[in-house]
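The structure comes first, and the notes follow it.

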Amino acid sequence: QAQLQESGPGLVKPSQTLSLTCTVSGDSTTSNSYCWTWIRQPPGKGLEWIGHIGPSGKTEYIPGLKSRISISRDTSKNDIILQLISVIPEDTAVYFCARLDLSKGNALDTWGQGTLVTVSS
């Protein structure tokens with residue numbers, strides 16, 4: 001059974017780059033069955049899908065972050081990597097990675113526990 005674990009810095013200063021890693025075990029990030037998704041939840045707000053990377057490496061991003069976000073994968077480590085440049089305080093959130101199963105109606109069927117990122121000077 002797949003397990004996802006997010007890691008990265010808990011505190012980032014405004015204008016810096018946020019880098020988070022989602023380490024996947026029990027499954028392959030190159031599998032044709034899944035997209036690997038990043039979702040965030042700002043304090044007191046709902047979940048927000050911010051992007052994903054598909055089996056072919058194709059990425060999709062939320063329009064409001066397109067100029068600042070990048071999702072990639074390191075196949076040697078089976079990791080999914082999120083980078084967000086020029087962060088602002090509004091990027092403060094719990095960041096989750098999740099597996100989207102293309103064979104189950106795009107269900108997000110496996111989640112990491114999430115990691116809190118605070119953007120503050």
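## Disulfide

In this predicted model, C22 and C97 are joined by a disulfide, with an S to S distance of 2.1 Å. A search of the whole structure turns up one disulfide. The torsion about the S-S bond of C22 and C97 is about 65 degrees, so the disulfide is right-handed.

As for placement, C22 belongs to strand β3 (residues 18-25) and C97 to strand β9 (residues 93-101), so the pair ties together parts that lie 75 residues apart in sequence. C22 and C97 are both buried.

C35 takes part in no disulfide. The nearest cysteine sulfur to C35 is that of C22, at 13 Å, whereas a disulfide requires two cysteine sulfur atoms within 2.5 Å.

Is C35 buried or exposed? The relative accessibility of C35 is 8%. Buried means under 20% relative accessible area, so C35 counts as buried.

## Nonpolar surface patch

L47, L108 and W111 make a nonpolar surface patch of about 270 Å².

How exposed is L108? L108 has a relative accessible area of 33% and is therefore partly exposed.

Definitions and conventions: Residues numbered from 1 in each chain as written. Predicted model: local features only at pLDDT ≥ 70, side-chain atom pairs only at ≥ 80, totals over all residues. Heavy atoms only, no water. Patch = residues over 30% accessible without salt bridge, like charges linked within 9 Å, V, L, I, M, F, W, Y side chains within 5 Å. Areas by Shrake-Rupley, 256 points an atom, 1.4 Å probe, with all protein chains shown as cover. Salt bridge = Lys/Arg side-chain N within 4 Å of Asp/Glu carboxyl O. Buried < 20%, exposed > 50% of the residue type's maximum accessible area, 1.4 Å probe, protein only. Helix = DSSP H or I, 4+ residues; strand = E, 2+ residues; numbered from the N terminus.
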